[in-house]
Amino acid sequence: MENLQYTRDWKNENIVVTIGRTRVGGNHFLLVAGPCAAENSKQMAGITDMLSGSSVKLLRGGAFKPRTSPYTFQGLGKDGLKLLRQTADTLKIPLVTEVTDLKHLETVSRYADVLQIGSRNMASYELLKEMGHQAKPILLKRGMAATIKEFLYAAEYIASSGNEQLILCERGIRSFDPAFRNIVDLNSVALLKKRTPFPVIVDPSHGSGRTDTVLPLSLAAAAAGADGVMVEIHPSPEIALSDGEQSLSPKDFQLWIDKLSGLAHYLGKTV
Ligand code: PEP
Ligand code: MN
């Protein structure tokens with residue numbers, strides 16, 4: 001892949017991204033979980049119950065949501081950030097949440113430990129350049145119709161602007177098949193791990209759009225060399241305001257933790 005700078009020739013070792021006491025990359029396999037979006041304090045109390053004492057070392061959750069339809073729940077904005085921050089503090093783990101627009105950057109930065117750039121903004125180059133100036137790690141999700149090369153160029157916008165604390169996230173690409181919301185591209189995981197020293201994680205929740213395949217896809221991601229998996233969870237997925245159909249229930253989540261951490265240990269990683 002011509003013209004790429006941040007390759008294994010640049011650094012022939014795995015970059016470990018550090019977020020407080022949380023690590024991802026190298027030997028560190030990271031479990032990330034949380035709701036699609038913060039909805040209210042009852043839901044977040046349920047999330048706290050699900051995550052307390054678990055091996056999840058990074059809380060995810062949206063406050064400024066990039067929804068496909070303007071008529072669906074758009075997230076609680078700043079109130080959502082406060083709920084997410086409180087939950088992360090109670091659990092004593094860091095928080096990743098999305099920045100959808102430069103005008104929210106200062107506010108989101110006040111609450112987040114990791115800034116997420118979502119699929120829809122992977123090619124928002126001004127946003128990417130600004131991420132290069134942030135003193136926080138960035139979680140960059142692959143655009144839903146971006147080639148691997150375009151994904152790597154997007155990552156290099158951030159790295160070449162000054163921020164090498166970067167985590168890449170494969171979150172599924174568009175396909176012709178309506179059985180799934182997207183197709184988790186494990187080819188990309190295998191290839192990215194050969195090409196780039198940055199940690200690569202997988203989001204099988206948005207990647208498939210359905211809870212019943214989240215566990216097998218998570219295991220496949222770990223086997224393909226991913227450095228972590230990020231999933232959506234909800235105490236009562238049937239009443240979730242967004243993405244309930246792909247959010248793990250408390251029971252499914254427990255099984256997910258057990259199986260995935262078991263496989264990670266088998267692969268010689270720490271969870
Ligand atoms: C998310 O992770 O909250 C999200 C909106 O995912 P994506 O950007 O991959 O669609
Ligand atoms: Mn979601």
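Is His206 buried or exposed? I found His206 buried, at 9% relative accessibility. Buried here means under 20% relative accessible area, exposed over 50%, and partly exposed in between, with a 1.4 Å probe and protein chains only.

Before going on, I noted that this is a predicted model, where local features need pLDDT of at least 70, side-chain atom pairs count only at pLDDT 80 or more, and totals for chains, interfaces and linings use all residues. Residues are numbered from 1 along each chain as its sequence is written, chains are lettered from A and ligands numbered from 1 in the order in which they are written, and side-chain values use heavy atoms, with hydrogens and water left out.

**Metal site**

I turned to the manganese ion (ligand 2) and listed its donors: Cys36 (SG), His206 (NE2), Glu232 (OE) and Asp243 (OD), at 2.0 to 2.4 Å. Donors are N, O and S atoms within 2.8 Å of the metal (3.2 Å for Na, K and Ca); water is not among the atoms, so sites may look incomplete. Along the chain, I read the donor spacing as C-x169-H-x25-E-x10-D. His206 lies in helix H7 (residues 204–208) and Asp243 in the loop between strand E10 (228–232) and helix H9 (250–266), so this pair, 37 residues apart, links distant parts of the chain. Helices (H or I, at least four residues) and strands (E, at least two) are DSSP runs, numbered from the N terminus. Asp243 counts as buried too, at 8% relative accessibility.

**Cysteines**

How many disulfides are there? I counted zero, taking a disulfide as a pair of cysteine sulfur atoms within 2.5 Å. Cys169 is in no disulfide, and the nearest cysteine sulfur, that of Cys36, is 13 Å away. Cys169 is buried at a relative accessible area of 0%, and Cys36 is buried at 4%.

**Helix pairs**

I checked helix H1 (residues 41–51) against helix H2 (residues 78–91): they pack at about 25 degrees, with axes 10 Å apart. Axes are lines fitted to C-alpha atoms, for helices over the stretch in contact, and angles run from 0 to 180 degrees between N-to-C directions. H1 is therefore roughly parallel to H2, given that angles under 35 degrees count as roughly parallel, over 145 as roughly antiparallel, 65 to 115 as roughly perpendicular and the rest as oblique.

My last stop was helix H8 (residues 214–223), whose axis comes within 10 Å of that of H9 and crosses at roughly 15 degrees. H8 and H9 are therefore roughly parallel to each other.
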